[in-house]
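Dear colleague,

Please find below the structure that I am handing over to you, with its sequence. My notes on what was found in it follow directly after.

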Amino acid sequence: MAALLRALYEGAFNIFETPMRWLQYSLGAHRMAWVFLLPNLLIFGLFTYLPILLNVWYAGSSGDRILLGERDWVGTANFASLMDCESYLQPNSCRRDLFWRAVHNTGWFVVLQVGFMILFSLIAALILNRNIPLKGFFRAVFFYPVLLSPVVVALIWKWILQRNGVLNAGLDWAGMGTTNWLLDPSWAFFWIVFVSIWANMGFYVLILLAGLQAIPGDVYEAAEMDGTPAWRQLFRITLPLLTPTLLVVMVLSLIRAVQAFDEIYVLTGGGPGSATTLLIQYIYDVGFATRPRQFGLAAAASLVMAVVLMVLTLMQLAATRKRAEDG
Amino acid sequence: MRQTLAVSAIALMAAGAAQAQELRFMCYQDGTECDAWSAAFADFEAEHDGVTVVVDVVPYQAILESLPVQLEVGEGPDLARVTDYGGLARFMLDARPHLSAEDADRIEERYSASLAWARVGDNAPDGIYNIVDQLTATGGFANKTLFEQAGVDMPEPGATWAEWAEASVAVRDATGVDFAMALDRTGHRFAAPAMSFGAAIFNEEGHALAIDDGFRAFAEQFVAWHEDETMARDVWAGAGGGTYQDAAAEFTNANLVMYYSGSWQIGRFGRDIGDAFDWVATGGICGPEACTGMPGGAGIVGFNHTDPPEAVAALIEFVSRDDVQAQVLAQTSNLPANAMLQAEGVAYQDVSDDVAAALSTFGAAVPNFASTAYALQGYEFNRAVFTSIPARLTQAIVGELTLDEALDRLEQDVADAIAEAR
């Protein structure tokens, strides 16, 4: 039986032997790498690079038609329209004020969400790394929201935060004043940051926990023998040795924050006004939700965002490389 | 012998397959429209041997977002039930060349007002592109029980927006419900009171959107009503961009005194409210210049990429028939676009007194709508107007922009969108 299976196995592979030998003979051995890479290159080309090229074409053309042949080529007009501003710090002075409001909102969102999320994730990871009771349970509690669909997360929080929601019912029961949390621009922005942190921090807690557990225990033992206080151990041992992990967490969370859309769209719809409209929603609104659809403008905005993401990624690569050289 | 039979059977099947025509009908429903049409199509299939109609029921969002993309690339269903006539006009099939002169004349006579909505752009000025099976009219609904509990007299039909605002606030304060008034978050609903305040909507060249004194007057009033919470802030301030949002759930839950929406809510209210409380349609609400609402409606259209245009045209003719329309409208509790049924009335089936009265009130209001309202409904770029109004006015409501800034931006947004489409 085993011999039969072996014969079948070898036979199956021998099917390729003749064509591969012919290819090697025709192309030469040094070009055979391309033959093996070709399937992957085709898939990448079709599903990654071709869409990028199409996006560039859309960004350089105008009209509400989808077929490329029916669109008018306008060169950089869409980019010029997006960048037409008296002051980039004053969205009202810009021709495309909603784009710049989205840029400002995204900037603040990234700073606040990433900053606080790393801080809270680090604190949670440090606590969960200690020998506390029910450690496994608490790890699961922190990770559980990550398993939920963003739409479910947003709906849960919508029920909590709406006018007659759970939070206001609780405040009312406690004799405290109620607030329309999602109708006030400042509160709405606070809650999208909060909900986003709540939904995503479990993932980063897990990464940081792995980083903490990779720090050798004998370093701490030596520090304790030297009488080093706990806070000093944190700043002189834990954080420096955790820096590579923190860097990964920072870059991942930065990229995810720039791409934030689904939770916020369901929770606030980008409102009130444009208070919680981030870049991805602007692109969606302009390209798909409004009529006539402005595909060119949406594609141009998405390329601007791609450049921002690319800069962030290059910064991460540079930082990683520098650390590798230093270390 | 057996071989001969088998060959004959295969030949017959092949011939049948060649003759069989399947029409795909993409349909959305506010209530039971697609179900009613599915049942009605059995008669069409009996009349047209070999033609079957497959009804694909989809959410309204699919009609708005997926259908245009499918049509753009030459795909999609043979027919669909749509509301965006201007936006989809260039994909629509003109049924007239495939119809007899008698049928074409009858359709023209019965549906002349709504046929005009699809005769835009390069479409033929006498083309038969759409049969509206659900004429809609914007208008108000009031919770009669709350008025009675509050001891406040309900404004009579023809009362002004100011009178309704005053009465609704009095009822809200007396009964402790959350909201006095609400208006769906779309420019379509906003346009009616704006025109009643004197907005011309179109500029001298015939293009939207003209921000004139009438438009500005209602916009100012609308923002002020949000500031003093006469209007429910949750509806307009509760979303961003041009996102549509209604307040039907608040009205159904008796948490809203007066709700400005449209006749398509009648069936839903009849079903969901039941006898929980009494409600009425308000009839026309007046501004200083007019008492108009906005017409609109869903209609059945064929598409010009279809393989069997004759069969699609035959179905268009079928759905236009007086008896077929009467049968479907009776089941769906919708207003007729068919002039003969408007004149003779529809024998609605199993409707409550509230629903019957509301249908009658809305039906009576339609003939009084301003011509500008019909023009806006048939305007090729009306979606640009309808989505830009909530996006910009909400910014004024929440204080991101002053009203003047918001109106300037609104005018520019609509102009940009129209320029892009051209």
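**Chain B: fold and confidence**

Chain B contains 19 helices and ten strands. Its radius of gyration is 23 Å, close to the 22 Å that the globule rule gives for 422 residues, so chain B is as compact as a globular protein of that length. Along the principal axes, the C-alpha trace of chain B spans about 90 × 50 × 35 Å. Of the 422 residues in chain B, 55% are buried. Where contacts in chain B have a separation of 6 or more, 75% of them are between residues 24 or more positions apart.

Please bear in mind that this is a predicted model. The average pLDDT of chain B is 91, and 95% of its residues score at least 70. Residues 7-18 of chain B have a pLDDT below 50, and this stretch has zero contacts in the model beyond near neighbours in sequence.

**Chain A: fold and extent**

For chain A, the secondary structure amounts to 13 helices and two strands. The radius of gyration of chain A is 27 Å, whereas the globule rule gives 20 Å for 327 residues; the value is well over that figure, so chain A is more spread out than a compact globule. A box of roughly 85 × 70 × 50 Å, taken along the principal axes, is filled by the C-alpha atoms of chain A. Buried residues account for 30% of the 327 residues in chain A. Among contacts in chain A between residues at least 6 apart in sequence, those joining residues at least 24 apart make up 63%.

**The interface between the chains**

For the complex, the predictor gives an ipTM of 0.82 and a pTM of 0.85. In the model, 30 residues of chain A are in contact with 28 residues of chain B. On the side of chain A that touches chain B, helix H12 (residues 279-289) gives the most, with three residues. Which classes of residue does the side of chain A that touches chain B have? That side has 14 polar, ten nonpolar and six charged residues.

With kind regards

Conventions:
Residues are numbered from 1 along each chain as its sequence is written. Chains are lettered from A and ligands numbered from 1 in the order in which they are written. This is a predicted model: local features need pLDDT of at least 70, side-chain atom pairs count only at pLDDT 80 or more; totals for chains, interfaces and linings use all residues. pLDDT is the predictor's confidence in each residue, from 0 to 100. Two residues are in contact if their C-beta atoms, placed from the backbone, lie within 7 Å. Helices (H or I, at least four residues) and strands (E, at least two) are DSSP runs, numbered from the N terminus. Ala, Val, Leu, Ile, Met, Phe, Trp, Tyr, Cys and Pro count as nonpolar, Asp, Glu, Lys and Arg as charged, and the others, Gly among them, as polar. The radius of gyration is taken over C-alpha atoms; the globule rule is 2.2 Å times the number of residues to the power 0.38. A residue is buried if 20 or more other C-beta atoms lie within 10 Å of its own, exposed if 12 or fewer, and partly exposed in between; C-beta atoms are placed from the backbone.
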